[in-house]
Amino acid sequence: MARLRLKTMGLLMALTIVSGACTRPSPSTSTDTDCRAIAHDLGETEVCGQPQKVVTIGPNLLELLLALEVQPIAHAEYFPFPTRQFDQPEQQIPYLGKLLTGLPKNVGTAESPSLEAIAKLKPDLILADSIKNKDEYKLLSKIAPTLLFDYSGAGSAWQPDLQALGQALQKADKATAVVADSQQQVAKLKAKFQPIVAQDPKVLLLLSEQLSQGVRLETANSACGALLEDVGFQVVVPAALNQSPEPSHVISLESLTNLDMDWILIEGFSSQNIAKTPNPEAQQVKAIKKEWNENAITQSLPPSKAGKVYFTPVYLCHALLGPIGTEIFLSDLYQQLSPSEIKTSRMPTRFKY
């Protein structure tokens, strides 16, 4: 109850600030010829001029913004941070922190953004998640034009969201170019994967923080499951789940011994605070990798005996599914599956600023 009261007070404070700070005309009465209606997951929002002060709530929205070479003035990350500013973005925002040229303000977390902090910045565009931030949409819209997107599954694509954002930022041509370039890059990677696919087509895709807390088996209906199948692999599921439309299922370790697979990919994560972790990406898989290597059941599986178990941060498969994350995931996986491949930076060079 106390938490609810605090949140309510925060919202009221944000609205108080908004009432004094917001001078944007309402979409229904604006006569500005430089305005356009941008379609997003919760309807249409009018955006005028070229937004210069953009706030992103969630890494998936930050990814789309950076793909269009636009920097945010503030950001809300998945992980909570005690500071009001991302003073060391590379150590605080996995993958994308390397692409930030400034030090954006910290406006809470993706699931609980600080409306008060956002309102004080007087942004001219807010990007948020249509699932996590649906309940805050009306309040965010009182602060600035707000667009809500979600592309967190095999059935949802980031391309239409990027195109819509490109219209909002007057970068429609750039959005089109990013989509085309991403298609080319994935096609190139698919060709590189083919010898591996021919030799080891069947992959078991798992997700876990700690084995003692359970394991989820991800299907081809999950985001990374779909990517694996896009490049030619077959995502393994028990026969009883072949027709299931669900992206994942809880499964026991013992049942893994009944599955026919060539290799295993494990999405690891850590719920511990990663503030200023030198390598936030490695931190995400550190615990599950250690536990997997010490467990008798997992070590009895043929892929473990053959040295064909690989790890990836769950952050990639569940937060960064756009043009940047897709290429990082596939490139990193290819390097893991190709021991002779010369290791290079996980960040595609064209996204380095």
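Student: What share of the 353 residues of the protein count as buried, and what makes a residue buried?

Tutor: In this predicted model, 50% of the 353 residues count as buried, where buried means under 20% relative accessible area, exposed means over 50%, and partly exposed lies in between, with a 1.4 Å probe and protein chains only as cover. Residues are numbered from 1 along each chain as its sequence is written, and side-chain values use heavy atoms, with hydrogens and water left out. Local features need pLDDT of at least 70 and side-chain atom pairs count only at pLDDT 80 or more, whereas totals for chains, interfaces and linings use all residues.

Student: Why is T312 called buried?

Tutor: T312, which is found in strand 13 (residues 309–313), has a relative accessible area of 2%, and T312 is therefore buried. Leaving aside neighbours within four places in sequence, T312 is in contact, meaning heavy atoms within 4.5 Å, with L265, I266, E267, G268, V285 and F329.

Student: How do you know that helix 2 (residues 59–67) is mostly covered?

Tutor: Nine of the nine residues of helix 2 are buried, namely P59, N60, L61, L62, E63, L64, L65, L66 and A67. Just after helix 2, E69 takes a positive phi of about 60°.

Student: Why is L62 called buried, and which residues is L62 in contact with, leaving aside its neighbours within four places in sequence?

Tutor: L62, whose place is in helix 2, has a relative accessible area of 0%, and L62 is therefore buried. With those neighbours left aside, L62 is in contact with T56, P72, H75, I93, L96 and L100. L62 and L320 are 258 residues apart in sequence, and their C-alpha atoms are 9.2 Å apart in space.

Student: How are helix 6 and helix 7 oriented to each other, and why?

Tutor: The axes of helix 6 (residues 159–168) and helix 7 (residues 172–199) come within 7 Å and cross at roughly 160°. Angles over 145 degrees count as roughly antiparallel, under 35 as roughly parallel, 65 to 115 as roughly perpendicular and the rest as oblique, so helix 6 and helix 7 are roughly antiparallel to each other. Helix 6 passes helix 7 in a right-handed crossing. In this contact, Q159, L162, Q163 and G166 of helix 6 meet A172, A175, T176, V178 and V179 of helix 7. By class, these residues divide into five nonpolar, four polar and no charged.

Student: What makes helix 7 roughly parallel to helix 14?

Tutor: Helix 7 and helix 14 (residues 323–337) pack at an angle of about 15°, with their axes 10 Å apart, and this angle makes the two helices roughly parallel. The crossing of helix 7 and helix 14 is left-handed. On the side of helix 7 the contact is made by V178, S182, Q185, V186, L189, K192, F193 and I196, and on the side of helix 14 by P323, T326, E327, L330, S331, L333, Y334 and L337. By class, the contact of helix 7 with helix 14 has ten nonpolar, four polar and two charged residues.

Student: How many helices and strands are there in the protein, and what percentage of its contacts with a separation of 6 or more comes from residues 24 or more positions apart?

Tutor: The protein has 14 helices and 13 strands, and residues 24 or more positions apart account for 66% of the contacts with a separation of 6 or more. The protein exposes about 16300 Å², of which carbon and sulfur atoms supply 52%.

Technical notes. Axes are lines fitted to C-alpha atoms, for helices over the stretch in contact, and angles run from 0 to 180 degrees between N-to-C directions. Helices (H or I, at least four residues) and strands (E, at least two) are DSSP runs, numbered from the N terminus. A crossing is left-handed if the near helix is turned anticlockwise from the far one by less than a right angle, and right-handed if clockwise. Ala, Val, Leu, Ile, Met, Phe, Trp, Tyr, Cys and Pro count as nonpolar, Asp, Glu, Lys and Arg as charged, and the others, Gly among them, as polar. Accessible areas come from the Shrake-Rupley method with a 1.4 Å probe; for residues, only the protein chains shown count as cover.
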